[in-house]
Amino acid sequence: LLRFDGHTVITANDGIEGLEFFSAGQFDVVITDVKMPKMNGIELLKSVKLADPTVEVIVLTGFATVELAINVIRYGGYDFLQKPDDVTRRLRTTVTHALERRALNLENRGLVDSLETQVIEKTNETRRLAAQYQVTSILAEADNLTEAAPQVLDVLLQNMEWDYGTIWRAERFTDELKCIEIRSRSGAVDDPFLTACRKKIHKMGEGLPGRVWVEKTHLIGQA
């Protein structure tokens, strides 16, 4: 019946097989009987909704009860149909409406994800601007970079939520980068990573600092 309406239909012999099909593919609507071997329809409904809350589940039963109706609603089912009359009269329209709601749910989820991304981007931009303002103030008041370096790194670690921050000085005559200051957000002073960085010297193009130096670019917040 549903194939005549242009839907792709995959059938399973029992609830476990149906769940395996569902896990391996992409489905918009699941139609399940209540009484099935190995896994009943309510258990399948719960498993499907746990895996993907946007998939609509229609439950079929030969004996509709108030308890069944409550369970279908409780676990997120779209509707339940009583066999055979409801299946004959309402299955096609119920599937159509379920597909419409599935499409709406996906659209809403996309809008929510987009909004969350915008909020994250705006928050990060605010942090960058705050850090930029504070770093500018520190540099303006300091006599030299060596004096300002610890404060600059502390501000960046706090605002950008980095774990580590390092400032490297380029030695013009040797084409080397030497670490003049490194800080950790945790405030640890005996961290092995900090110790290694203090002793490390990078040649031009060597390691992340050396590549940034050669390419005359910057990397922010990347490990």
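Trainee: Is Lys38 buried or exposed?

Mentor: Start with the cut-offs: buried means under 20% relative accessible area, exposed over 50%, and partly exposed in between, using a 1.4 Å probe and protein chains only. Lys38 has 71% relative accessibility, so Lys38 counts as exposed. Asp14, at 11%, counts as buried.

Trainee: What should I know about the model itself?

Mentor: The model is predicted: local features need pLDDT of at least 70, side-chain atom pairs count only at pLDDT 80 or more, and totals for chains, interfaces and linings use all residues. Residues are numbered from 1 along each chain as its sequence is written, and side-chain values use heavy atoms, with hydrogens and water left out.

Trainee: Which interaction do the side chains of Asp14 and Lys38 form?

Mentor: Side chains of opposite charge can pair when their charged atoms come close. The test for a salt bridge is a side-chain nitrogen of Lys or Arg within 4 Å of a carboxyl oxygen of Asp or Glu. Asp14 and Lys38 form such a salt bridge, at 3.7 Å from N to O. Asp14 sits in the segment before helix 1 (15-24) and Lys38 in the loop between strand 1 (29-33) and helix 2 (41-51), so the pair ties together parts 24 residues apart in sequence. Helices (H or I, at least four residues) and strands (E, at least two) are DSSP runs, numbered from the N terminus.

Trainee: How many salt bridges does the structure hold?

Mentor: The count is 16.

Trainee: Which residues are linked in a network of salt bridges?

Mentor: Asp28, Asp52, Arg102 and Arg109 are linked in one. Take Asp28 and Arg102: their closest N and O atoms are 3.0 Å apart. Asp28 is in the loop between helix 1 and strand 1, and Arg102 is in helix 4 (residues 85-141), 74 residues apart. Arg102 is buried at 9% relative accessibility, while Asp28 is partly exposed at 37%.

Trainee: Where do Asp52 and Arg109 lie?

Mentor: First the distance: the closest N and O atoms of the Asp52–Arg109 salt bridge are 4.0 Å apart. Asp52 lies in the loop between helix 2 and strand 2 (56-61) and Arg109 in helix 4, so this pair ties together parts 57 residues apart in sequence. Asp52 is buried at 17%. Arg109 is partly exposed at 40%.

Trainee: And the overall fold?

Mentor: The protein has 7 helices and 6 strands. Its C-alpha trace spans about 90 × 35 × 30 Å along the principal axes. Buried residues make up 30% of the 223 residues.
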